[in-house]
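Open the model in a viewer and keep the selection panel at hand. The stops below go from one chain to the contact between chains.

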Amino acid sequence: MHFNKKVIQRAMPIYVGYLFLGLACGILGQQAHISPMEAFIMSILAYSGSGQFICIAMLMDQASLFSILVTNFMVSLRYMFFSTAMYPHIRHCSLPYSIAFGQNITDETFAVNIDSFTKDKDWDVHQGLALGFSPCLVWACANFIGCTAAAWLNPPTELVSYILVAMFLGIWSNYLHENELLVAGITGGILSVILSFIVPFKLHIVLSTLIVSAIACWLEVRYLKQKAG
Amino acid sequence: MENESLYIYGATLMMVLGTFSCRELPLLLLRGRKLPDWFSIWLKYIPTAIFGAIIFPDIFLKDNALNFSLENYSLWATLCAFPIVYKTRSLPMALIAGTIFFCIFKYVI
């Protein structure tokens with residue numbers, strides 16, 4: 001790992017973003033009875049922004065560990081694409097190094113890293129790993145601080161739970177750039193409400209996501225085939 | 001260790017399994033081979049379906065029952081904030097608009 005000035009310059013926007021999101025995540029986590037140390041450990045090991053927010057919402061709901069696992073797996077599927085795209089740049093690395101590199105891929109570190117690999121011929125995996133890992137420390141420390149501060153501030157629980165919903169609304173809106181996506185989201189939501197009366201262990205989130213995304217995918221593949229044929 | 005802590009560490013372990021497998025599988029098994037086309041189409045619909053599936057029960061249900069009364073502040077705050085959030089597609093805006101509307105419904109109306 002090679003941590004230098006160039007890495008800091010490129011990662012600066014990520015540091016700032018993760019600082020504020022991390023503080024928010026820590027505050028929300030405290031409401032789900034996560035201790036500062038647990039928040040820190042979770043942030044280092046999982047290192048997943050939306051994944052952690054979703055996990056906190058599910059912890060507040062007393063969801064089963066299985067449904068936390070499956071939901072988190074599905075939100076993380078996008079990392080498969082990032083890792084695939086990153087592979088040519090790290091194929092020469094040893095196995096432990098590749099694993100370390102992969103573990104530090106997030107939406108933001110991937111975007112900056114892939115841009116640096118393409119445009120800067122002096123950019124290498126050592127700087128790339130530093131660029132992936134240093135925001136993780138910022139994220140984890142911000143989580144720790146947010147969680148510690150929330151215990152002192154003692155914010156109103158009802159409002160804080162709502163802020164988590166508002167947060168999801170904001171993240172959701174970023175995925176609504178096509179009408180089909182809005183329809184899929186609303187359908188997923190309605191199905192989830194219906195399923196929540198029927199299925200146990202809070203599996204309604206996972207089930208409705210799987211059903212709706214599979215149907216939408218099937219429809220789009222069929223449509224593309226019809227158009228081509 | 002108390003139960004709550006065990007539950008949180010269990011959840012952390014699940015998170016690690018979920019994120020780790022997605023990050024490492026392409027590097028270890030696929031060795032950079034291309035993912036199938038249907039996979040990217042499927043992937044496009046997952047985030048929107050997941051967030052819909054999380055948000056709707058949170059706002060429409062209160063104590064495990066549908067609740068459309070004015071007492072359900074989350075629902076009305078979200079319905080008022082949604083047009084703004086949808087138009088701006090901004091996370092800070094969602095937090096600001098959501099919080100303001102929630103406070104209006106809870107403390108003013």
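A crossing of two helices is called right-handed if the near helix is turned clockwise from the far one by less than a right angle, and left-handed if it is turned anticlockwise. That convention is needed at two of the stops. The model is a predicted one.

**Chain A as a whole**

Select chain A. Its secondary structure consists of eleven helices and zero strands. Along the principal axes, the C-alpha trace spans about 65 × 55 × 30 Å. Of the 229 residues in chain A, 48% are buried. Among contacts in chain A with a separation of 6 or more, 76% are between residues 24 or more positions apart.

**The two domains of chain A**

Colour residues 5–174 of chain A as domain 1 and residues 175–229 as domain 2. Their centres, taken over C-alpha atoms, are separated by 25 Å. Where they touch, domain 1 of chain A contributes twelve residues and domain 2 of chain A contributes nine residues. Next, select H4 and H9 of chain A: each supplies at least two residues of the domain 1 side of this contact. Which helix gives the most to that side? H4(A) does, with five residues. By class, the domain 1 side has six nonpolar, five polar and one charged.

Switch to chain B, where domain 1 covers 1–33 and domain 2 covers 47–108. The C-alpha centres of these two domains of chain B lie 30 Å apart.

Now show both chains. The contact between them takes 72 residues from chain A and 58 residues from chain B. On the chain B side, the elements that give two or more residues are H1 (3–30), H2 (37–60), H3 (73–88) and H4. That side of chain B divides into 40 nonpolar, 13 polar and five charged residues.

**First helix pair: H4(A) and H1(B)**

Select residues 65–76 of chain A, which form H4(A), together with H1(B); the two pack at an angle of about 30 degrees, with their axes 8 Å apart. Angles under 35 degrees count as roughly parallel, so H4(A) is roughly parallel to H1(B). The crossing of this pair is right-handed. To see the contact, show side chains on H4(A), including Leu65(A), Ile68(A), Leu69(A) and Phe73(A), and on H1(B), including Gly10(B), Met14(B), Met15(B) and Cys22(B). The residues in the contact of H4(A) with H1(B) are nine nonpolar, six polar and no charged.

Move to residues 157–173 of chain A, helix H9(A), and residues 91–108 of chain B, helix H4(B). Here the packing angle is about 140 degrees and the axes are 8 Å apart. Are these helices to be called parallel, antiparallel, perpendicular or oblique? An angle over 145 degrees would count as roughly antiparallel, and 65 to 115 as roughly perpendicular; H9(A) and H4(B) are therefore oblique to each other. H9(A) passes H4(B) in a right-handed crossing. Among the residues of H9(A) that meet H4(B) are Leu159(A), Tyr162(A), Ile163(A), Ala166(A) and Gly170(A), while those of H4(B) include Leu91(B), Leu95(B), Gly98(B) and Phe102(B). By class, the contact of H9(A) with H4(B) has eleven nonpolar, four polar and no charged residues.

Methods
Residues numbered from 1 in each chain as written. Chains lettered and ligands numbered in written order. Predicted model: local features only at pLDDT ≥ 70, side-chain atom pairs only at ≥ 80, totals over all residues. Domains from an automatic or database assignment. Axes fitted to C-alpha atoms, helices over the stretch in contact; angles between N-to-C directions. Helix = DSSP H or I, 4+ residues; strand = E, 2+ residues; numbered from the N terminus. Contact = placed C-beta atoms within 7 Å. Nonpolar A, V, L, I, M, F, W, Y, C, P; charged D, E, K, R; others polar. Buried ≥ 20, exposed ≤ 12 C-beta atoms within 10 Å, placed from the backbone.
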